[in-house]
Amino acid sequence: MADTITPELFDYLVELAALELASDEAEYLRHQLNQQLTAIRELERIAVPDDIPAAAHGVPFTAAARPALRADEPVPSDLALALLSGSPDSDDGYFIVPEIQHQDL
Amino acid sequence: MTLSLPLPDQPAHAIAESVRTGAVSARAVVEATLARIDAVDGRRPSTSPGPDDPENSRRVHAYISLQAEQALERADAIDAQVARGEDPGPLAGVPLSVKDIFCVAGTPSTAASRMLEHFVAPYTATPIARLQAAGAIAIGKVNLDEYAYGSSTESSAFQPATRNPWNANCVPGGSSGGSAASVAAGEATLSVGTDTAGSIRQPAAFCGVVGLKPTYGRVSRYGLIAFGSSLDCPGPVTRTARDAALALQAMAGADPHDSTAAALPVPDYSRGLDQGVRGLRIGLSPDYFRIRYPDPTTGEIRDTELPPEIVAATRAAAEALARAGAEIVEDVPLPNTSFGIPVYFVISRVEAASNLHRFDGVKYGHRTQQTIRDLRDMYRKSRGEGFGRQPKLRILMGMYVSGAQYASQYYQRALRVRTLIRRDFESVFDPQGAYRLNALLTPTTPTTAFEIGAVYGNSVLMQYADLLAVNANHAGIPALSMPGGFDAGGLPIGVQLFGADWDEATLLRIAHTFETLTADAAWRSRRPLALTQ
């Protein structure tokens with residue numbers, strides 16, 4: 001059976017995923033994706049009536065289980081500096097990133 | 001306290017009782033646990049491990065990092081509380097290992113990924129904070145599959161990966177492999193893992209300990225590095241059901257930091273443990289004994305029977321519970337559950353891909369040191385270097401099956417089959433239905449622990465290790481794995497219980513009863529090889 005995820009489609013997905021891959025790694029990943037699709041195609045064996053809705057979660061979010069929304073009020077946090085200290089590059093409360101090239105949309 | 005057992009092998013409830021009464025100091029408990037780690041764990045895993053040596057190849061390697069100094073300070077603080085006549089909590093002095101997918105303030109919180117190798121968490125996850133508030137003492141962070149993506153712990157960027165304490169040539173399961181192995185080997189009395197498709201229960205089965213996946217929403221996910229946000233459940237790994245009850249008691253409940261943590265009352269999980277199982281209806285389903293499973297050689301997915309030893313252990317558990325008064329209900333149909341893994345292949349990948357987009361080399365985590373052209377080039381290089389193969393696979397599959405041109409074929413269809421799986425369980429647990437079950441009894445895993453390297457690299461076969469566990473995550477229901485015996489090779493067999501929404505108490509009650517019924521069985525006296533070498 002021909003691969004569903006061809007090298008061209010794979011390259012497109014890699015670009016979307018913002019990944020840079022070594023060539024041997026890319027071949028392994030593409031092969032595994034096609035293997036996984038074989039398992040996913042098991043879903044074609046089951047009849048799904050049209051009135052079956054999609055489930056975004058298992059347990060129903062009943063009114064009793066759902067916590068009340070908290071008030072939409074700002075709360076001071078002392079975590080900001082600690083969070084920034086985890087950044088690879090920050091300065092004076094800002095994350096530093098490389099120049100963002102201008103693109104005409 | 002059970003006098004015949006060394007401190008690291010005592011159950012949590014016995015340790016806490018001794019510490020609270022002053023019979024044993026928390027410092028003595030922590031020191032004994034650190035000594036056990038020193039004896040059995042071997043060298044710490046790292047991202048640049050070098051070659052393994054014969055001595056270390058027999059060790060457990062559960063911990064990525066130890067917080068020994070902080071643990072001893074915390075133990076002294078608890079002992080001071082006891083001296084002042086204060087109650088340090090129901091888990092006083094209980095050594096706790098934490099799957100390194102949870103943020104714990106001031107500790108490296110790596111998710112077993114190069115991406116987060118140097119990340120130090122600025123705050124503590126709710127389940128861990130609650131266990132600490134109940135008196136548990138965090139000893140260190142334990143290994144896992146990278147970002148919890150796996151079923152053997154082999155995909156960790158921190159090598160050597162954890163080994164099975166019962167046989168060092170075998171995997172401990174995953175993704176909470178470090179959790180299960182550390183508890184089995186007495187390197188912790190209690191561990192917190194996460195379960196997205198069986199990642200608490202499968203390693204618990206492989207390592208001969210108890211693993212509980214609570215109902216989705218019973219335990220807050222705040223501070224958990226997310227994998228599949230509609231599936232992830234933090235839960236305890238322990239050596240007894242009573243300890244699992246104590247741990248869940250501390251962890252459970254609403255949390256203002258997590259809107260999916262249910263605002264429901266938390267029952268007293270310990271109170272009903274000794275009520276026995278008389279009158280409980282426990283189901284057995286043929287759909288959990290004859291399975292669709294990949295042929296290890298050809299990869300073809302076909303109908304097959306479970307190994308006889310695993311079937312026998314499950315049947316033996318049912319018979320023991322029947323003798324204690326439970327009503328065993330045979331032939332319970334769960335016809336859609338055989339699609340659990342294909343559904344999971346789709347849903348979990350979409351959610352994982354979404355969650356992994358936050359790792360961009362900007363806010364936290366790895367940033368490339370290569371020369372870069374622009375921001376997008378930095379993203380691609382940072383993510384290419386920081387992620388291992390499993391995260392990359394999940395991102396790519398998630399992008400594919402949720403793409404606009406493929407979503408109805410894959411993602412939308414998987415979500416609708418998830419509804420059918422949920423309905424299977426609703427039907428058998430319905431108090432007015434034909435089956436009116438209090439619990440389902442199944443094997444936890446299709447095999448016992450497999451050899452290191454035997455499955456790793458085959459992402460389909462590895463995923464099917466979760467075949468019998470995954471549907472609890474799709475349905476959101478609670479599930480528990482408990483030791484049920486051993487195979488001919490001396491490896492533990494796990495037996496699993498599924499329950500109705502929010503009814504962890506019944507599962508803990510059945511598991512505790514089963515422990516009591518089998519307390520004198522010869523297999524209960526076995527000890528992991530890691531403790532005898």
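# A walk through the two-chain model

Let us begin with one pair: R44(B) and D41(B) join their side chains in a salt bridge, 2.8 Å from N to O. A salt bridge here is a side-chain nitrogen of Lys or Arg within 4 Å of a carboxyl oxygen of Asp or Glu. Side chains of opposite charge can pair when their charged atoms come close. R44(B) is partly exposed, with a relative accessible area of 30%, whereas D41(B) is buried at 0% relative accessibility. Buried means under 20% relative accessible area, exposed means over 50%, and partly exposed lies in between (1.4 Å probe, protein chains only).

Before going on, a word about what you are looking at. This is a predicted model, in which local features need pLDDT of at least 70 and side-chain atom pairs count only at pLDDT 80 or more, while totals for chains, interfaces and linings use all residues. Residues are numbered from 1 along each chain as its sequence is written, chains are lettered from A and ligands numbered from 1 in the order in which they are written, and side-chain values use heavy atoms, with hydrogens and water left out.

Over all chains, the count comes to 32 salt bridges. One of them joins R59(B) to E55(B), with the closest N and O atoms 2.3 Å apart. R59(B) counts as buried at 12% relative accessibility, and E55(B) is partly exposed with a relative accessible area of 37%. Another salt bridge joins K141(B) and D100(B), where the closest N and O atoms are 2.8 Å apart. This pair links distant parts of the chain, 41 residues apart: K141(B) sits in strand β3 (residues 137-142) of chain B, and D100(B) in the loop between β2 (95-99) and α4 (126-133) of chain B. Helices (H or I, at least four residues) and strands (E, at least two) are DSSP runs, numbered from the N terminus. Both K141(B) and D100(B) are buried.

V40(B) touches R59(B), V60(B), A185(B), E187(B), A530(B) and L531(B), leaving out residues up to four places away in sequence. Contact means heavy atoms within 4.5 Å. V40(B) and A185(B) are 145 residues apart in sequence, and their C-alpha atoms are 7.8 Å apart in space. At 5% relative accessibility, V40(B) counts as buried.

Now to the place where the chains meet. Which chain gives 77 residues to the contact, and which gives 62? Chain B gives 77 residues and chain A gives 62. The area buried between them is about 6,000 Å², with 65% of it from carbon and sulfur atoms; buried area is the accessible area (1.4 Å probe) that two parts lose on being put together, summed over both. In chain B, R389(B), L396(B) and R416(B) lose the most area to chain A, together 12% of what that side buries.

Between chain B and chain A there are 6 salt bridges. One of these joins K381(B) and E20(A), at 3.3 Å from N to O. K381(B) and E20(A) also belong to a network of salt bridges that links E15(A), E20(A), R373(B), R376(B), D377(B), R380(B) and K381(B).

The largest share of the side of chain B that touches chain A, 11 residues, comes from α12(B).

Helix α12(B) is mostly covered, with 14 of its 19 residues buried. R422(B) is found in this helix and counts as buried at 10% relative accessibility. A polar atom of the R422(B) side chain lies 3.4 Å from the backbone oxygen of G58(A). Within chain B, the side chain of R422(B) reaches the backbone oxygen of A475(B) at 2.7 Å.

Our last stop is T448(B), in the loop between β11 (439-443) and α13 of chain B. T448(B) counts as buried at 13% relative accessibility, and its side chain makes a polar contact with the side chain of D487(B) at 2.8 Å.

Notes
Polar contact = N/O pair within 3.5 Å; in protein donor to acceptor, adjacent residues only side chain to side chain.
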